[in-house]
Amino acid sequence: MANNTKYIKNYIGGALQPALSGDYLDNFNPATGEVYSYIPDSDAKDVAAAVEAAEKAAPGWAQAEPRTRFRLLMRIADIIEQNLEEYARAESVDSGKPMSMARTVDIPRAQSNFRFFATSVLQFGSESHPMPGEAINFTLRQPLGVVGCISPWNLPLYLLSWKIAPALATGNTVVAKPSELTPMTAYLLSQACLEAGLPPGVLNIVHGLGPKTGQAIVEHPKVKAISFTGGTSTGKQIARTAAPEFKKLSLEMGGKNPNIIFADCDFDEMMVNTLRSSFSNNGQICLCGSRIYVERPIYERFRDELVKRTQFLKVDNPLSKDADLGALVSKQHLEKVQRYLELAEVEGGNILCGGEVLQLKGENEGGYFMRPAVVDGLAIDCRTNQEEIFGPVVTLAPFDTEEEALALANGTPYGLAASVWTQDISRANRVAERLQAGIVWVNCWMLRDLRTPFGGVKQSGVGREGGQEVLRFFTEPKNVCIKYG
Ligand code: NDP
């Protein structure tokens, strides 16, 4: 499979085709600042065609043996695996992330998503509720029909497949929209589906802008459910559109995750992981710990060590094997992060290191590069500490008591993930229980088991993905009560 494609196509009804309007949008390479390909500027007509194809395919796919669905999804995973380098390079060029990360995290996880849900549907059961001497109830779990999957740019194929795979495995047909900033691996996926022999219309991928293409998917009356990952304000807009139609909704949204570090932690282990949780993918992972709270006795030691290690991180061409950090995803996003750093200073913060926009040499001269930043001296209620920046910026503050750490950690409108570093297991339990977050990591970060519930509370999310949770989301329970004769 050669990725020499300049013109990305929609995948509708088993065919690769341009938008019906014939219009295209520019697709930028964030590491050069140049347009390197074009994506279909789809609208409601393309979405309607995709929904029609999905509807036509729905009965056959819903009735297909789970084994058939299993085999096809496993084949898609195999094709991705066989083309790992091509997919990883495409992801890196499209998003600006280091190729090393795409090769070891993004693309392997996309394969795992297909394999995990292909397999789990073979073991997916439902309940029965006997009424002794009278009747038996059993629950059928049936696919919803046509569902919409909308994903963001930060982990493009990883998050798209995290939705598509369980939706397809449970017998739904899908209309999906990747972020218009990172469409390339979704396009490669459509080619993989053709190669795997996925029946036409089972998966449809429509490229384009969120407010046009995405909105049309959410509005379409025949789309029964929306699984969305992205920003909280977009999630609100989706909820406003979908609620009057009573569509099922799964919303995975923004985060402002706390990382709580107690003085009794394993300092070296914590440092290695805190550097990762702060700046992996340029801080553009919803699970990154962007607010770091450190128990006062080790605050200065921690601060100095974090600054030292942050200054060592190499920001470079994402295709270079030495790059720790690549480019931010877009010029607009880089400017947004810069504005937050300016705000941090206005709000009284000290920028301890980083924040400079970097101009690399040669072909990367126009890329969107920034040195990762560490800031301290900010109050919890300032905007820098309350709003999601989603870039290479962390804030630090000391705390004196467990109670204070919890108040700081829980003191934002978000509640996606949190990390706690301590050797005291009783404290770890206490704190984990009281943290307002959907995911708590103790002495680790981003250690993922695909069987676990995944999602956030407060403004970070509604519903859960992963494991049985998502299989339930993508199916409708129906109780059948049979009276004994
Ligand atoms: P956005 O909310 O801007 O976009 C997400 C997706 O929604 C994109 O495909 C976008 O299209 C589309 N979209 C935009 N407007 C609409 C609309 N009106 N109707 C339907 N779809 C629409 O998020 P980003 O892509 O900027 O991603 C970053 C955000 O994602 C961060 O807030 C981050 O925290 C969050 N995120 C959350 C995760 C979680 O699990 N909770 C995981 C990863 C990221 P387009 O790109 O064309 O605008």
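I began with the elements: helices (H or I, at least four residues) and strands (E, at least two) are DSSP runs, numbered from the N terminus. The model is predicted, so to speak for itself: local features need pLDDT of at least 70, side-chain atom pairs count only at pLDDT 80 or more, and totals for chains, interfaces and linings use all residues. Residues are numbered from 1 along each chain as its sequence is written, and side-chain values use heavy atoms, with hydrogens and water left out.Next I looked up cavities: on a 1 Å grid over the protein atoms alone, a cavity is a set of points where a 1.4 Å probe fits but cannot get out, and its lining residues have an atom within 4 Å of a point. Points are joined across faces, edges and corners, and a volume is the space filled by probe spheres set on them. I found four cavities of 30 Å³ or more.

The largest cavity holds about 140 Å³. Of its 19 lining residues, Gly 255, Gly 283, Ser 290, Ile 389 and Phe 390 are the closest to the centre. Strand 13 (289–295), helix 12 (383–386) and strand 18 (393–399) each give two or more residues to this lining, and strand 18 has the largest share, with three. I sorted the lining of the largest cavity into seven nonpolar, nine polar and three charged residues (Ala, Val, Leu, Ile, Met, Phe, Trp, Tyr, Cys and Pro count as nonpolar, Asp, Glu, Lys and Arg as charged, the others, Gly among them, as polar).

Then I turned to the second largest cavity, with about 90 Å³ of space. Among its 13 lining residues, Leu 159, Trp 162, Cys 286, Leu 287 and Phe 454 lie closest to the centre. Helix 5 (residues 156–169) gives the largest share of this lining, three residues. Domain 1 (10–253 + 460–481) and domain 2 (257–449) each supply at least three residues to it; the domain bounds come from an automatic or database assignment.

Key. On a 1 Å grid over the protein atoms alone, a cavity is a set of points where a 1.4 Å probe fits but cannot get out, and a pocket is an open set with protein on both sides within 12 Å along at least five of seven lines; lining residues have an atom within 4 Å of a point.
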